[in-house]
Amino acid sequence: MHDSINNQPDTRDPIHIECAVWEAMVNHARSQLPFETCGVLIKPRHCRMYREFRPLMNRASERLHSFQPDAQEWVALVMQAEREQHTLLLVHSHPGRPPIPSTEDTDGIALSAALFDAYIIVSFHKDGTHHKITDGDPPDTRAYRLHASSTQHRHGSRHILFELAHITIVERKDDSERLVTC
Ligand SMILES: [Zn+2]
């Protein structure tokens with residue numbers, strides 16, 4: 001187990017995701033197997049429920065085991081979030097590994113953690129192999145809240161701690177519920 005991961009469940013408000021948005025996130029990750037995928041969940045800052053999933057192109061040279069969001073898409077997204085007061089949650093997939101942040105993940109997030117409310121890994125790992133593309137089994141998905149620790153990397157950025165968080169998937173049926181779950 002990575003020493004950056006705290007497995008105590010988060011006692012704060014769970015991460016709320018609208019059902020259709022959750023499905024779009026999982027379907028995107030499944031559609032690109034055996035490659036890793038990345039994207040973001042988006043919500044208005046004053047709401048608690050994530051209402052949009054936006055896939056980002058994975059430009060990593062080794063897409064089987066890593067992800068690198070397309071720089072242009074990335075910059076446009078971050079600027080839009082700032083302008084429109086949106087909160088972002090970073091999503092990526094692990095086609096053949098458990099939903100635990102890798103060393104590349106923890107190093108990669110060190111410089112941009114402040115941009116995100118949380119972090120989700122969608123894992124298709126199963127008994128040492130990945131699911132077949134047609135396999136309808138739900139992936140093993142985990143969410144983490146990100147915290148800057150007091151220790152620093154050699155290059156000056158903060159070491160990031162990943163705290164396991166609960167996810168609540170919200171079925172949005174009518175307007176009355178929308179008001180409650182915003
Ligand atoms: Zn990863």
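Biologist: What's the mean pLDDT of the chain?
Modeller: The mean is 85, and 78% of the residues reach 70 or more; pLDDT is the predictor's confidence in each residue, from 0 to 100. This is a predicted model, where local features need pLDDT of at least 70, side-chain atom pairs count only at 80 or more, and totals for chains, interfaces and linings use all residues. Residues are numbered from 1 along each chain as its sequence is written.

Biologist: Where is confidence lowest and highest?
Modeller: Lowest in helix 4 (residues 175–181), at a mean of 54, and highest in strand 5, at 98. Helices (H or I, at least four residues) and strands (E, at least two) are DSSP runs, numbered from the N terminus.

Biologist: OK, helix 1. Which of its residues are buried?
Modeller: V21, M25, A29 and R30. Buried is 20 or more other C-beta atoms within 10 Å of a residue's own, exposed is 12 or fewer, partly exposed is in between, with C-beta atoms placed from the backbone.

Biologist: And what do those pack against?
Modeller: Strands 2, 3, 4, 5, 6 and 7.

Biologist: What does L41 touch, leaving aside neighbours within four places in sequence?
Modeller: L41 is in contact with I17, V21, M25, Y50, E52, F53, L89 and V91. Contact means C-beta atoms, placed from the backbone, within 7 Å.

Biologist: New topic: where's P95?
Modeller: P95 is in the loop between strand 6 and helix 3 (103–109). P95 counts as buried because 23 other C-beta atoms lie within 10 Å.

Notes
Contact = placed C-beta atoms within 7 Å.
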